[in-house]
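Colleague: Shall we go through this model together? I would like to ask what stands behind each label.

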Amino acid sequence: MLVSTVALAAAPTVQKPKKTSAKAAQQSARMRSWHTPTPNKAPPVDEEGRPKLALYSLNTNDRVEMAARSDHGGFSARDLDRAAHVLRDSRNGCEHPMDPRLLDLAYRIQTYFHAQELRIVSAYRAPRRHRKSNHGLGRALDMIVPGASDEEVAKFARELGFVGIGVYPASGFVHVDVRSRSYFWVDRSGPGRRNRERGILGDLAARSDSQAVTRGERPSPPFAPFGDVDAWLRTRPSQAAPATPDEDDDEETMENGNGSPDGAEF
């Protein structure tokens, strides 16, 4: 009996090779399709030939095209309302005004890459209790630019100044938000996993803000829609908002499935 026990203990453990799950393969195929431009589809333009901002929600399949007032963006109050509907919280249908500067930056990203549209993974998300996120303030987008890699998008967006830029390689999107001081990060946690954010390029973040100031740009205070919104847009404040040390990055994006199109477990 003792001999049998020893022999059993000494027997080598045979490990079965790990196989990629069907769900992981499906998610990988989904990510490739999100980054692939639609064949034979040109970017939308207005009557003067200027590109329009085109936003497509991967969660709801809603789409909006908006004419810009200049090469750097600028959208009417009516278009801000249309954008808020497309960028609503897909979990509960709640809508929230989106920061005009965020849409201006989205426009600059789209036109830089000559993209057909921006594919939105997540935009406004109704805040959870005791949680803070720029998504809950209408100041953040998780986006995909078809035809461009996420790292290419992040590299360009980091140059815009007063932005939060996060890259999520395992889930295949770039987070873009507006804030009073730039901050850049990478999060390699996979779908359904708790965030594992790592700050990067701190020197570049400071330099990006400094160069934006040299260009005459300032971060706008949070958008407060009241009264005549078109008038507010024409006289939009240009002074920097007060620094907010507890201004959070995208801590909600990857946890418990938030922001996942088609019910994928992000």
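Colleague: Where does N59 sit, and why is N59 called partly exposed?

Modeller: This is a predicted model, and in it N59 is placed in the loop between strand 1 and strand 2. Its relative accessible area is 23%. Buried would need under 20% and exposed over 50%, so N59 counts as partly exposed.

Colleague: What is the phi of N61?

Modeller: N61 has a phi near 65 degrees, which is positive, and N61 is not a glycine. For context, most residues other than glycine have a negative phi. L201 is another non-glycine residue with a positive phi, of about 55 degrees. L201 lies in the loop between strand 8 (197-200) and helix 6 (202-214).

Colleague: Why does L201 count as partly exposed?

Modeller: L201 has 41% relative accessibility. That value lies between the 20% and 50% limits, so L201 is partly exposed.

Colleague: Let us move on to helix 6. How do you know that the span of helix 6 agrees with its number of residues?

Modeller: Helix 6 has 13 residues, and at 1.5 Å a residue they should span 18 Å. The end C-alpha atoms of helix 6 are 19 Å apart, which agrees.

Colleague: Which residues of helix 6 are buried, and how do you know that they line one face?

Modeller: A205, S208, D209 and A212 are the buried residues of helix 6. Looking down the axis of helix 6, these buried residues fall within an arc of 95 degrees, so they line one face of the helix. Strand 7 (183-187) is included in what covers them. D203 and T214 are exposed and sit on the face of helix 6 turned away from the buried side. After helix 6 comes G216, with a positive phi near 90 degrees.

Colleague: What about the buried residues of helix 2, and why are they said to line one face?

Modeller: In helix 2 the buried residues are Q27, R30, M31, W34 and H35. Down the axis of helix 2 they fall within an arc of 130 degrees, so they line one face of the helix. They pack against strand 3 (118-122), strand 4 (140-144) and helix 5 (150-157). On the face of helix 2 turned away from the buried side are the exposed residues A22 and R32.

Colleague: Helix 5 also packs with helix 4. What makes helix 4 oblique to helix 5?

Modeller: Helix 4 (residues 100-112) and helix 5 pack at an angle of about 125 degrees, and their axes are 11 Å apart. Roughly perpendicular covers 65 to 115 degrees and roughly antiparallel is over 145, so helix 4 is oblique to helix 5. The crossing of the two helices is right-handed. Where they meet, R108, I109 and Y112 of helix 4 face V153, F156 and A157 of helix 5.

Colleague: A154 is in helix 5 too. Why is A154 called buried?

Modeller: The relative accessible area of A154 is 0%. Buried means under 20%, so A154 is buried. Apart from neighbours within four places in sequence, A154 contacts I165, V167 and V174. W185 is 31 residues apart from A154 along the chain, and their C-alpha atoms are separated by 10.0 Å.

Key
Residues numbered from 1 in each chain as written. Predicted model: local features only at pLDDT ≥ 70, side-chain atom pairs only at ≥ 80, totals over all residues. Heavy atoms only, no water. Buried < 20%, exposed > 50% of the residue type's maximum accessible area, 1.4 Å probe, protein only. Helix = DSSP H or I, 4+ residues; strand = E, 2+ residues; numbered from the N terminus. Arc of directions from axis to C-beta. Contact = heavy atoms within 4.5 Å. Axes fitted to C-alpha atoms, helices over the stretch in contact; angles between N-to-C directions. Parallel < 35°, antiparallel > 145°, perpendicular 65-115°, else oblique. Left-handed = near helix turned anticlockwise from the far one by under 90°. Expected span 1.5 Å × (residues − 1).
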